[in-house]
Amino acid sequence: ATQVGGLTTTQISGLSTTVIRGLNETDVAEFSTTQLGALSATQLGALTSTAFSGLDGTQVGSLSTTQLRGLTTTQVGGLSTTDISEFTSTQVGSLATTQLGAFSTTNINALDTTQLSGLTATQLGKLSNANLSALDETQIQSLTTTQVAGLTTTQISSLSTTDVNEF
């Protein structure tokens, strides 16, 4: 693993997806944020979910929006609340609706109001009823009218009266 930390960004960007798939969580934990920045979205998507879990919150928070779009739903679903707390609103807004769908209710609830501001109306409209219901009062109140306009009637009808009153 200590060898991974010694790779240059040029060497990292040249790693094949086959080599990337062979990395384990200890190897991945050794990457600096600069080294991670050298990985393409395809390379990141090639990491096994076990290896990807070796990234800490700072490393995950350093990923570009392009890199994030390359993550599989399994990788996104495996993110911890610590990882998610490092996301910026831009990073949250860059996630595909299928990636957001991989968030657990705990992960959705871990988003702060600044991060939520990055969600588009389309993204909100694709959240599961369970994930939408996981938002707390402060989170719901932080949603803009543009964001709320993206909610479907099915989503709204799944909310409790208390949830609806929080809008």
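Here is a short tour, in questions and answers, of a predicted model of one protein chain.

Visitor: What is the mean pLDDT of the chain?
Guide: pLDDT is the predictor's confidence in each residue, from 0 to 100. In this chain, 97% of the residues reach 70 or more. The mean is 91.

Visitor: Which helix has the lowest mean pLDDT among the elements of the chain?
Guide: Helix α14, residues 113–116, has the highest mean, 96. The lowest mean is 73, and it belongs to residues 161–165. That is helix α20.

Visitor: How many helices and how many strands are in the chain?
Guide: The C-alpha atoms fill a box of roughly 55 × 25 × 20 Å, taken along the principal axes. Inside the chain, the count is 20 helices and zero strands.

Visitor: What share of the residues counts as buried?
Guide: A residue is buried when its relative accessible area is under 20%. The chain has 167 residues. The buried share is 39%.

Visitor: How many residues does the largest nonpolar core have?
Guide: Nonpolar side chains tend to be buried together in soluble globular proteins. Here, Phe31, Leu47, Phe87 and Phe103 have the most contacts inside the largest core. Helices α5 (41–46) and α6 (49–52) each supply at least two of its residues. The core has 40 residues.

Visitor: Which phenylalanine is in contact with phenylalanine 87, leaving aside neighbours within four places in sequence?
Guide: Take the contacts of phenylalanine 87 in turn. They include Val60, Leu68, Leu79, Val92, Leu95 and Gln115. The phenylalanine among them is Phe103.

Visitor: Is glutamine 43 buried or exposed?
Guide: Glutamine 43 sits in helix α5. Not counting residues up to four places away in sequence, it touches Ile12, Ser13, Gly14, Leu15, Thr17, Ile20 and Ala38. Its relative accessible area is 4%, and the cut-off is under 20%, so glutamine 43 is buried.

Visitor: Which residue has its backbone oxygen 3.0 Å from a polar atom of the side chain of glutamine 43?
Guide: Valine 148 is ruled out by distance: its C-alpha atom is separated from that of glutamine 43 by 35 Å. Among the residues that glutamine 43 touches is Ile12. The backbone oxygen at 3.0 Å belongs to isoleucine 12.

Visitor: Why does serine 94 count as buried?
Guide: Serine 94 lies in helix α11, residues 89–94. Leaving out residues up to four places away in sequence, serine 94 touches Thr65, Leu68, Arg69 and Gln123. Buried means under 20%. Serine 94 counts as buried because its relative accessibility is 10%.

Note on methods:
Residues are numbered from 1 along each chain as its sequence is written. This is a predicted model: local features need pLDDT of at least 70, side-chain atom pairs count only at pLDDT 80 or more; totals for chains, interfaces and linings use all residues. Side-chain values use heavy atoms; hydrogens and water are left out. A nonpolar core is a set of buried Ala, Val, Leu, Ile, Met, Phe, Trp, Tyr and Cys residues joined through side-chain atoms within 4.5 Å. Buried means under 20% relative accessible area, exposed over 50%, partly exposed in between (1.4 Å probe, protein chains only). Helices (H or I, at least four residues) and strands (E, at least two) are DSSP runs, numbered from the N terminus. Contact means heavy atoms within 4.5 Å. A polar contact is a pair of N or O atoms within 3.5 Å; within protein, one must be able to donate a hydrogen and the other to accept it, and residues adjacent in sequence count only if both atoms are side-chain atoms.
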